[in-house]
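I opened a new page in my notebook for this one. Here is what I looked up, in the order I looked.

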Amino acid sequence: MLETLIPKVQGKRVMVVLGPQAGRVGHLLSWDREQSQAVVQLRRENRVVELHYDAVCEYIGPTDSDED
């Protein structure tokens, strides 16, 4: 089991853990607590995605570890 943790500060690194972008690393741009949604800018694709809290978690791994 994995418990996801959303950073409390914008700009922190996160990893997508569910869905088509799983394994991708990005930066947390914003979040909506009422809707349990996080807005993340993915590094590799340089695009912004909106994800459910369960699909993303704080990432503290190496900075170059955003491989597929």
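**Entry 1: the overall layout.** I started at the N terminus and read off the elements, which run β-β-β-β-β. I noted that the model is a predicted one. My tally for the chain was zero helices and five strands.

**Entry 2: how the strands line up.** Next I asked in what order the five strands sit in the sheet. I found an open sheet with the order β4-β3-β2-β1-β5, and the pairing is antiparallel. The edge strands are β4 and β5, since each of them pairs on one side only. I also looked up the twist, which averages 45° from one strand to the next. A reminder to myself: strands of a sheet pair through backbone hydrogen bonds, either parallel or antiparallel.

**Entry 3: a closer look at β1.** I picked β1 and checked its pairing with β2, which is antiparallel over three bridges. Across that pairing, Arg13 stands opposite His27 in β2, and Met15 stands opposite Val25. Then I turned to β5 (residues 56-58), which pairs with β1 in the antiparallel sense, also over three bridges. There I found Val56 as the bridge partner of Val16.

Are the two faces of β1 covered or open? Both are covered: Arg13 and Met15 are buried on one side, and Val14 and Val16 are buried on the other. I then listed what Val16 touches, skipping its neighbours within four places in sequence. Its contacts are Gln21, Ala22, Gly23, Arg24, Leu42, Leu51, Ala55 and Val56.

**Entry 4: the nonpolar core.** Which residues make up the largest nonpolar core? I wrote down 12 of them: Ile6, Val14, Val16, Leu28, Ala38, Val40, Leu42, Val49, Leu51, Tyr53, Ala55 and Val56. β1 (13-16), β3 and β4 each supply at least two residues of this core. The largest share, three residues, comes from β3.

**Entry 5: Val39.** I stayed in strand β3 and clicked on Val39. Leaving aside neighbours within four places in sequence, Val39 is in contact with His27, Leu28, Leu29, Ser30, Val48, Val49 and Glu50.

Entry 6: Most residues other than glycine have a negative phi, so I went looking for exceptions. Ser36 is one, with a positive phi near 55°. It sits in the loop between β2 (25-32) and β3 (37-42).

Why does Asn46 count as exposed? Its relative accessibility is 58%, and the cut-off for exposed is over 50%.

**Entry 7: whole-chain numbers.** I ended with the totals. Of the 68 residues, 34% count as buried. The chain exposes about 4,600 Å², and carbon and sulfur atoms supply 48% of that. Among contacts between residues at least 6 apart in sequence, 36% join residues at least 24 apart.

Methods
Residues numbered from 1 in each chain as written. Predicted model: local features only at pLDDT ≥ 70, side-chain atom pairs only at ≥ 80, totals over all residues. Heavy atoms only, no water. Helix = DSSP H or I, 4+ residues; strand = E, 2+ residues; numbered from the N terminus. Buried < 20%, exposed > 50% of the residue type's maximum accessible area, 1.4 Å probe, protein only. Contact = heavy atoms within 4.5 Å. Core = buried A, V, L, I, M, F, W, Y, C linked by side-chain atoms within 4.5 Å. Areas by Shrake-Rupley, 256 points an atom, 1.4 Å probe, with all protein chains shown as cover. Pairing = 2+ DSSP bridges. Axes fitted to C-alpha atoms, helices over the stretch in contact; angles between N-to-C directions.
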